[in-house]
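Subject: Handing over the structure

Hi,

Here is the structure I promised to pass on to you. Have a look through it first, and then read on for what turned up in it.

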Amino acid sequence: MPKLRINGISVEVEPGTTVLEAIRFLGLPIPTLCHDDGLRDIGACRLCVVEVSMAANGRTRLLSACTLPAQDGMDVRTNSNTVQRARKLLLELYVATCPQSKTIQDLASEYGVRRVRYDTHNEHCIQCGLCVRICEQQMMAGAIGFSGRGHDRRVSRPFDITSEKCRQCGACLYVCPVCELRCQASTATTALCSGCLNFAPVCFQSYDDAMCFLEPCHACELTGPIRSEIPIKKLKKTLSS
Amino acid sequence: MPRLNSIPELEKLRAECVAGSDAQRPCLTVCAGSGCSAAGAEDLLTALRKAVEKAGMKDQIDVKSTGCHGFCERGPVMLVWPEGTFYNRVTASSAAEVVASVCNGHKPVEKLLYKDPVSGKKCLTEEEVPFYARQTRVLFANNGRIDPKQITDYLRVGGYASVAKVLGGMTPEGVVETVTKSGLRGRGGAGFPTGVKWSLCRANGKPNGHGEIERYIICNADEGDPGAFMDRSLLEGNPHSVIEGMIIGAFALGAKQGFVYVRAEYPLAVKHLHVALQQAEELGLLGDNILGTGLNFRIRLVQGAGAFVCGEETALIASIEGRVGEPHPRPPYPVEKGLFGKPTVINNVKTWASVGHIVNRGHEWYSAIGTEKSKGTMVFSLVGKINNTGLVEVPMGITLHEMIYDIGGGIPNGRSLKAVQIGGPSGGCIPADLIDLPIDYEQLTKAGSMMGSGGMVVMDDSTCMVDVARYFMEFLEEESCGQCFPCRQGTQEMKAILTRICEGRGKEEDLDTLQDLGWLMKETSLCGLGQTAANPVLTTLRYFRSEYLAHIRDEVCPAKVCKKLIVYEINPTVCDGCGACVKVCAGTAILGEKDRAHKIDQAKCTKCGACMEVCKPKAVLVS
């Protein structure tokens with residue numbers, strides 16, 4: 001059984017276990033966007049990169065934990081300076097790509113992304129491939145897939161016609177980390193989030209201020225003043241219309 | 001041709017091939033590689049054949065089309081044997097003269113000889129031409145001699161001798177050891193020691209139901225770098241040398257099936273390889289029970305559809321398997337779990353071709369060439385702003401200075417060297433200050449570049465380095481498979497920032513952003529493409545930062561390339577009103593009457609620079 005060290009903690013895992021599974025087994029936090037326990041990993045989002053050094057050569061490299069099989073003698077660091085820098089830069093790019101995803105906003109603020117240096121694209125997809133994989137591996141349909149290359153790459157249906165294999169089960173929507181929890185209100189390019197406006201209507205109970213109770217939103221804490229400037233009545237009106 | 005059933009039969013056939021060709025018989029070998037073909041080699045061949053027939057010498061003079069000779073700049077090139085007289089820029093109209101000279105006692109045709117621009121001396125043979133004299137030709141040694149479509153030609157020059165040697169008494173372990181000791185490193189660019197790769201592959205694999213371990217070998221001929229054509233020329237000119245190497249690899253690794261993954265955009269290479277495979281199969285050098293030794297090995301030709309990323313080994317495997325050509329994370333490496341889940345060795349065309357030579361002449365011979373850590377010869381395609389464009393095979397450790405000035409003949413039009421881009425789009429730009437840098441894997445990596453597959457683009461002082469970085473980023477942005485986020489989005493953002501800088505809209509903080517992005521892509525991308533994609537930007541930032549700053553701070557392009565930052569004007573005191581510029585201006589932006597000074601309408605000017613090129617009195621200025 002491979003024996004490895006994660007942040008200094010020795011851990012022995014079953015052969016075939018990935019480093020990500022080992023890290024989660026220890027209860028250490030690690031962000032992912034393209035991982036799902038029931039699906040085969042492809043290492044697309046790169047957020048789970050960890051610093052790995054092998055005892056054999058002593059060279060450290062950043063590798064995606066989800067696709068890395070745990071090996072004997074590995075020394076893994078999940079939150080070193082290099083890892084943090086990589087995640088922060090990655091998340092800055094993610095925010096530029098999909099500025100309206102609550103999932104990404106939360107992660108970004110958690111890793112200290114305070115500004116985005118790129119033009120925002122307002123894309124609706126980060127191509128994590130979860131939808132494609134769940135359709136193929138769990139729903140046994142394979143009704144959607146990737147087409148194109150590079151900047152033209154996108155999730156699509158064969159020949160852009162809904163496949164007969166699609167049962168419209170909605171699993172693809174369910175796993176999507178971006179289109180789920182889509183923030184509709186954020187327009188400012190500087191602020192990551194202008195409040196949890198999209199959690200309508202249950203978000204606003206009898207709090208004095210609008211306060212999202214779903215998840216502790218790091219972005220909200222950051223941009224609190226901006227949010228409190230918006231009167232709640234106006235918010236509710238926007239949401240109901 | 002009858003099938004060969006034993007090694008002595010191969011040697012007998014070789015002896016027949018040697019005896020059948022009279023070494024003193026005149027032979028005209030014309031380069032019919034892609035470069036010379038484009039320059040008119042096909043017409044020349046036809047004309048030569050006609051001329052020989054007309055002279056009634058059809059039975060005395062042979063006319064042969066061969067693979068690339070390397071000196072593409074002077075194409076079409078040809079050699080006249082047995083003397084080896086070298087003619088360059090031969091047109092179909094000179095064919096009769098060449099044939100006449102051969103008939104009249106081999107007196108060379110003066111006007112077709114190469115004239116050394118430095119000494120002004122006329123060169124009679126290839127050895128006298130400085131371009132060839134400084135090279136060490138191993139892989140390309142036979143390109144000018146053999147017809148790639150004739151296996152007998154290859155046998156005549158000693159082809160498949162290493163296969164006979166290996167099958168005649170070497171053990172697979174012995175072969176791997178020889179390759180390891182030779183110090184051969186992967187010629188695809190990364191420079192992984194080939195022998196180590198082979199032994200890793202040998203250590204992997206589980207026996208199947210028949211007790212056999214399935215392994216595969218692949219030849220990576222998916223050459224996609226802009227300005228690189230070494231692999232193409234080798235496959236076009238000497239496909240059997242690659243097949244020979246692969247047979248040895250199959251023996252050493254116990255592979256029964258090999259694949260050659262070649263770009264469909266290389267029709268001539270595909271054709272020649274196809275012919276070569278067929279001939280090797282007919283002779284029993286491929287197939288079941290090769291040369292009666294019990295070795296079974298076949299090679300299948302797979303044509304790639306031209307995706308740059310398919311040169312990455314895991315993407316290449318996916319493509320052969322029939323899946324989308326996208327890389328997958330390593331480990332597991334292909335030597336553990338490759339094609340169809342079996343241990344697989346992927347080597348570049350030049351690596352495979354080197355194997356035969358190493359086995360034949362011994363690892364001591366090979367490791368004597370080159371530097372301490374980089375052994376053997378490397379093939380570069382020398383292109384760009386250089387006098388002698390072409391294919392160059394040199395020992396590792398040669399300096400850039402020798403490459404550019406001694407072999408390449410320097411920079412044309414009296415301009416000066418600015419940078420050399422080595423290793424294709426994933427490589428980096430090395431500045432002129434580092435001209436004494438020895439070319440080997442370690443030194444290039446240290447300078448921020450990489451060996452890559454061997455593309456070498458020379459740039460003179462009229463090149464804008466920001467524009468170069470933008471060009472390569474544009475290429476990579478299109479060729480990124482898009483699977484992993486940092487490469488897909490990083491190349492897009494980098495291209496956007498570089499375009500902005502080229503248009504004079506850059507900010508100084510953009511440079512830090514570029515550095516950050518470059519670091520991110522290098523560290524977190526999934527495959528080699530993304531990990532090296534930032535190299536052109538990072539090296540130009542490192543060596544030509546002032547040029548970036550000029551674009552940003554002063555909104556000036558020092559090399560006067562970036563269109564948004566330059567203005568074409570006509571100096572009215574110099575302009576003689578000849579009207580030449582008016583004729584070439586596609587945008588009808590030049591106004592003025594004949595014999596009067598002209599003027600450029602800036603609103604219409606597309607800044608193509610055509611007027612500047614045609615202006616004889618040099619009245620068109622760019623600022």
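In strand β11 of chain B, the bridge partner of Y216(B) is T344(B). The model is a predicted one, in which local features need pLDDT of at least 70, side-chain atom pairs count only at pLDDT 80 or more, and totals for chains, interfaces and linings use all residues. Residues are numbered from 1 along each chain as its sequence is written, while chains are lettered from A and ligands numbered from 1 in the order in which they are written.

Y216(B) belongs to β7(B), which runs parallel to β11(B) (residues 344-348), with 5 bridges joining them. Strands here are DSSP runs of E with at least two residues, helices are runs of H or I with at least four, and both are numbered from the N terminus. Two strands count as paired if DSSP finds at least two bridges between them. β7(B) (residues 216-221) also pairs with β8(B) (residues 257-263), again in the parallel sense, over 6 bridges. In β8(B), Y216(B) has Q257(B) as its bridge partner.

Is β7(B) mostly covered or mostly open? It is mostly covered, as 6 of its 6 residues are buried. By buried I mean that 20 or more other C-beta atoms lie within 10 Å of the residue's own; with 12 or fewer it is exposed, and in between it is partly exposed, the C-beta atoms being placed from the backbone. On one side of β7(B) the buried residues are Y216(B), I218(B) and N220(B), and on the other they are I217(B), C219(B) and A221(B).

Another covered strand in chain B is β13(B) (residues 390-395), where 6 of 6 residues are buried. β13(B) pairs with β12(B) (residues 377-384) in the antiparallel sense over 6 bridges, and the two form a hairpin with 5 residues between them. Within that pairing, V379(B) has E393(B) as its bridge partner in β13(B).

Next, a helix. In α4(B) (residues 95-103), the buried residues are A95(B), V98(B), V99(B) and V102(B). Seen down the axis of α4(B), these fall within an arc of 95°, so they line one face of the helix; the arc is that of the directions from the helix axis to the C-beta atoms. Their cover includes β1 (27-31), α3 (41-54), β3 (78-81) and β4 (85-87) of chain B. After α4(B) comes G105(B), which has a positive phi, near 70°.

Leaving out residues up to four places away in sequence, L48(B) touches L28(B), V30(B), V63(B), A95(B), V98(B) and V99(B). Touching, or contact, requires C-beta atoms, placed from the backbone, to lie within 7 Å. L48(B) and C131(A) touch the most other members of the largest nonpolar core, which has 235 residues. Such a core is a set of buried Ala, Val, Leu, Ile, Met, Phe, Trp, Tyr and Cys residues joined through C-beta atoms within 7 Å. A second, separate core has 12 residues, among them C585(B), C611(B), C615(B) and A619(B).

How do the two chains meet? 23 residues of chain A are in contact with 25 residues of chain B. On the chain A side, β4 (60-64) and α2 (81-97) each give two or more residues, and α2(A) supplies the largest share, 5 residues. That side divides into 11 nonpolar, 7 polar and 5 charged residues. Nonpolar covers Ala, Val, Leu, Ile, Met, Phe, Trp, Tyr, Cys and Pro, charged covers Asp, Glu, Lys and Arg, and the others, Gly among them, are polar.

One residue to look up is E493(B), found in α19(B) (residues 485-502). E493(B) is buried, with 26 other C-beta atoms within 10 Å. Not counting residues up to four places away in sequence, E493(B) touches L93(A), Y118(A) and L517(B).

Lastly, chain A by itself. It has 8 helices and 7 strands, and buried residues make up 38% of its 241 residues.

Happy browsing!

Notes: Two residues are in contact if their C-beta atoms, placed from the backbone, lie within 7 Å.
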